[in-house]
Amino acid sequence: MTDQHCPGFESNKTLNEVKIKCPECGKEWGIFSDEAEKMAKCPACGAAVDPKTCAVK
Ligand SMILES: [Zn+2]
């Protein structure tokens, strides 16, 4: 890590992946951390999943 570049630019480049699990069907998949602020949709069953409460550690 270097402080030579704009810190805002760096943080936009390094999105973390968040793994979430569907409470309806148990499907696990990954979303980007910037998508964790809003509801995600399960790719398997289509249920609305809140990444903040369904994150897999
Ligand atoms: Zn599901």
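**View 1. The salt bridge between Lys 52 and Asp 50.** In this predicted model, the side chains of Lys 52 and Asp 50 meet in a salt bridge, with 4.0 Å from N to O. Lys 52 is exposed, with a relative accessible area of 58%. Asp 50 is partly exposed, at 23%. The cut-off for buried is under 20%, so the 23% of Asp 50 counts as partly exposed. Side chains of opposite charge can pair when their charged atoms come close.

**View 2. The salt bridge between Lys 19 and Glu 28.** The structure holds two salt bridges. One of them joins the side chains of Lys 19 and Glu 28, at 3.4 Å from N to O. Lys 19 is partly exposed, with 44% relative accessibility. Glu 28 is also partly exposed, and its relative accessible area is 34%.

View 3. The protein donors are Cys 22, Cys 25, Cys 42 and Cys 45. The site is tetrahedral, with angles of 106 to 115 degrees among the four donor atoms. Along the sequence, the donor residues follow the spacing C-x2-C-x16-C-x2-C.

View 4. Cys 45 is partly exposed, with a relative accessible area of 42%.

**View 5. Ala 36 and its contacts.** Ala 36 is found in the loop between β2 and β3. Its relative accessibility is 11%, so Ala 36 counts as buried. Which residues does Ala 36 touch, not counting those up to four places away in sequence? They are Ile 31, Pro 51 and Lys 52. Pro 51 lies 15 residues from Ala 36 along the chain, yet their C-alpha atoms are separated by 5.3 Å. Lys 52, touched by Ala 36, is also the exposed residue that meets Asp 50 in a salt bridge.

Technical notes. Residues are numbered from 1 along each chain as its sequence is written. This is a predicted model: local features need pLDDT of at least 70, side-chain atom pairs count only at pLDDT 80 or more; totals for chains, interfaces and linings use all residues. Side-chain values use heavy atoms; hydrogens and water are left out. Donors are N, O and S atoms within 2.8 Å of the metal (3.2 Å for Na, K and Ca); water is not among the atoms, so sites may look incomplete. Four donors count as tetrahedral if all angles lie between 85 and 135 degrees; four count as square planar and six as octahedral if opposite donors are over 155 degrees apart and all others between 65 and 115; anything else is irregular. Buried means under 20% relative accessible area, exposed over 50%, partly exposed in between (1.4 Å probe, protein chains only). Helices (H or I, at least four residues) and strands (E, at least two) are DSSP runs, numbered from the N terminus. Contact means heavy atoms within 4.5 Å.
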